[in-house]
Amino acid sequence: MAYSFPEEVLEHVFSFLSSDRDRNAVSLVCKSWYDIERWCRRRIFVGNCYAVSPEIVIRRFPELRAVEMKGKPHFADFNLVPEGWGAYAYPWIAAMEEAYPFLEEIKLKRMVVTDESLELISKSYKSFKVLVLTSCEGFTTDGLASIAANCRHLRELDLRESEVEDLSGHWLSHFPDSCTSLVSLNMSCLGSEVSFCALERLVARSPNLRTLRLNRAVPLERLANLIRRAPQLVELGTGAYSAEIRSDTFSNLADAFSACKQLKALSGFWDVVPSYLPAMYSVCSGITSLNLSYAAIPSSDLVKLISQCQNLQRLWVLDYIEDSGLDALAASCKDLQELRVFPSDPFGAEPNVSLTEQGLVSVSEGCPKLESVLYFCRQMSNAALIAIAKNRPNFIRFRLCIIDPQAPDYLTLEPLDAGFGAIVEKCKELRRLSMTGLLTDRVFKYIGSHAKKLEMLSIAFAGDSDLGLHHVLSGCDSLRKLEIRDCPFGDKALLANAAKLETMRSLWMSSCSVSFGACKLLAQKMPRLNVEVIDERGPPDSRPEGCSVERAYVYRTVASRQRLDMPDFVWTHDEDSSLRYS
Amino acid sequence: MDNHLQLHLALSTTSTRNLPRNDEKKRKFDESFSDDEMTSNKRTLPLLIWNDNRNMDCGCVDVEEHAVVGWPPVNSRMRKVAEHHRRESTASNYVTVDNGGGGGGGLNSMYVKVEMEGIGIARKINLGIFGSYQALTAALMAMFGKRREMYKLTYRDKEGDWLLAGDVPWERFVRSVRRLKLLKKVW
């Protein structure tokens with residue numbers, strides 16, 4: 001009984017629960033546990049900023065210290081979500097200013113953050129420590145200046161992949177001399193040059209600095225001095241990795257690297273001059289994470305570098321690595337867990353490098369711990385996929401992108417159903433899957449039957465009919481996020497599986513066969529689903545009801561379905577009048 | 001319009017909006033891109049590889065030509081990186097492209113790697129779209145941004161010998177070429 005335990009004891013017990021799922025489960029036990037838990041929850045993660053409102057969050061959790069939130073759906077990364085759709089951070093920041101004076105951490109992903117928001121953050125919270133903005137946009141370097149100037153105890157400022165309007169590099173100079181608390185600084189997405197003196201001084205007075213990711217504007221000649229001031233670095237992102245070839249620059253750099261005994265992760269490497277790569281060799285044996293996704297390095301130099309990194313666990317690289325480089329990777333890096341191969345020439349009509357399905361097969365054969373893959377290539381076969389599945393049943397993330405989205409098995413010209421079928425059948429722990437290639441409804445049947453732990457599925461240019469979508473929605477028990485583009489999926493499967501949609505975070509369908517009528521019906525039947533019709537051609541009821549909508553974004557929500565920040569190209573169910581969309 | 005939800009899944013033949021396709025029917029490659037499918041199929045078809053663009057003067061493909069939004073799925077940062085590298089590789093010197101095998105069937109499988117003295121990253125070029133040495137050389141020079149009189153075109157044939165291009169008739173050359181290399185002329 002709850003009465004046997006004083007609140008303080010329960011609170012103490014709950015303090016050991018860090019996972020959100022555990023805390024959510026605890027809060028469902030009984031009313032008093034719900035109450036105790038909500039008062040002592042300090043961290044919250046909101047996967048969809050529109051699933052809930054600031055008021056609801058604040059009312060339930062009055063004592064938060066850390067908020068993490070995501071805004072736009074994943075396909076926004078590929079320009080499929082029109083500008084102005086939403087995901088504004090300001091309403092949250094403004095609401096939290098009053099409610100959480102002791103807030104320490106804000107982490108946002110794919111949200112629109114303005115300079116006003118940043119200024120408000122910097123002035124509202126006396127103990128603010130961590131700001132992470134992933135793939136965000138809407139702010140300028142002026143907003144960064146506010147953060148630098150006002151957050152006295154700032155530990156982390158991480159702007160990974162954000163689009164920042166870069167007015168000048170002067171923002172960095174706003175860190176006061178008294179600021180010595182920095183643990184992590186990631187400015188790699190910025191363009192402007194910062195004052196190198198200010199940067200060096202900042203690094204020198206930050207003894208706890210573990211992560212430093214520079215931007216491209218920091219030249220190689222400056223890198224040695226910076227590293228020398230922070231030999232305790234664990235993660236380093238270089239700036240441009242090119243300079244005139246001079247032995248003093250080289251030895252200076254090599255010396256600086258050799259002093260970094262804790263270095264585990266490297267990134268950056270814009271404009272690489274391969275002759276400077278050996279300057280890093282002294283740290284390679286300790287490196288577990290290498291991000292070379294901006295680096296045009298020929299395969300032979302890549303191989304020399306990678307063969308020094310026997311403890312590599314994560315590699316992100318461009319397809320310059322080629323099959324031969326992946327063979328070498330498979331031979332040297334037996335601890336490899338994650339591989340991402342990006343296309344150096346994604347829009348080129350012809351292959352510019354010799355990277356095929358064989359590279360992936362080799363790595364799947366040679367790396368027993370490989371569990372996460374993102375692979376761009378130009379050809380694939382069922383045989384290769386089947387081999388990969390047999391070699392590596394421990395995949396948890398498998399994302400394959402064939403540049404020609406409807407490419408068949410290049411050997412047999414058949415669909416790739418069997419190949420992906422093997423992946424879902426053998427990899428029983430698979431949580432994320434992205435597919436491309438010529439795919440029929442059959443592959444979705446396999447997915448529905450086998451992919452019981454699948455949480456996120458991305459589909460493009462695949463399938464034949466609604467049956468495909470139905471297989472997925474009815475079969476994938478753990479599905480949380482489904483994103484679909486350019487598939488002949490429509491109303492029937494959607495409506496037949498309406499209840500399923502409430503068990504998921506969201507469903508995105510663009511350039512499919514979903515009608516406005518079905519969207520209205522779905523919204524009417526499912527009051528806790530927000531069915532957003534995102535269509536830039538004007539009011540959906542100006543077209544025949546059977547006409548397909550450009551995009552439908554369906555997500556569960558406990559907040560109002562008429563969000564106040566809706567732009568004029570988004571339509572949702574109007575609660576007041578029946579079936580009228582406004 | 002139905003007022004209640006029904007499990008009413010039709011097989012593909014009754015689907016109103018989509019091109020009916022039998023589950024069992026294999027989709028042959030050439031069928032996939034036949035004209036009537038292009039108009040009746042809801043899916044937008046790619047793209048670049050099958051576009052009949054014979055204009056090789058620019059030596060590169062404009063991003064704007066790609067009509068399919070958001071494909072391939074690379075984010076804006078990656079796209080900028082790719083653009084940058086494209087510009088770099090046309091301007092730089094030592095591009096080595098290795099040809100796995102020239103000749104062979106069809107217009108689309110005659111990719112040959114092209115190496116230019118001084119450039120580290122290889123390029124590939126589809127020999128099938130050229131009809132003469134002149135056309136090929138013009139395209140290569142445009143691709144690398146160099147002047148024709150500064151370089152000579154050599155090739156490695158299937159016997160592994162390096163020869164000066166231009167001596168044998170074009171058709172014979174195309175069948176035997178394995179690799180191309182542009183060497184600076186030594187005065």
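In β16(A), L374(A) has R399(A) as its bridge partner. This is a predicted model, where local features need pLDDT of at least 70, side-chain atom pairs count only at pLDDT 80 or more, and totals for chains, interfaces and linings use all residues. Residues are numbered from 1 along each chain as its sequence is written, chains are lettered from A and ligands numbered from 1 in the order in which they are written, and side-chain values use heavy atoms, with hydrogens and water left out.

**View 1. Strand β16 of chain A and its partners.** Strand β15 (residues 372–377) of chain A runs parallel to β16(A), with six bridges joining the two. Here helices (H or I, at least four residues) and strands (E, at least two) are DSSP runs, numbered from the N terminus, and two strands pair if DSSP finds at least two bridges between them. β16(A) is also parallel to strand β17 (residues 432–434) of chain A, this time through three bridges. In β17(A), S434(A) stands opposite R399(A). Five of the six residues of β16 (residues 397–402) are buried, so the strand is largely enclosed by the rest of the structure. Buried means under 20% relative accessible area, exposed over 50% and partly exposed in between (1.4 Å probe, protein chains only).

**View 2. Two helices, α15 and α16 of chain A.** β16(A), helix α16 (residues 417–426) and β17(A) form a right-handed β-α-β unit; right-handed means that, with the strands pointing away from the viewer, the path from the first strand over the helix to the second runs clockwise. How do the axes of α15(A) and α16(A) cross? They come within 7 Å and cross at roughly 5°, using lines fitted to C-alpha atoms over the stretch in contact, with angles from 0 to 180 degrees between N-to-C directions. The two helices are therefore roughly parallel to each other, a label for angles under 35 degrees. Residues making the contact include L385(A) and I386(A) of α15(A), and F420(A) and I423(A) of α16(A); contact means heavy atoms within 4.5 Å.

**View 3. Helix α13 of chain A.** Eight of the 11 residues of α13 (residues 322–332) are buried, and the helix is mostly covered. Among them are L326(A), A328(A) and L329(A). The buried residues pack against elements of chain A including α12 (299–306) and β14 (338–342), together with β1 (111–116) of chain B.

**View 4. Chain B.** Chain B has five helices and five strands, in the order α-α-α-β-β-α-β-β-α-β along the sequence. Of its 187 residues, 42% are buried.

Definitions and conventions. Angles under 35 degrees count as roughly parallel, over 145 as roughly antiparallel, 65 to 115 as roughly perpendicular and the rest as oblique.
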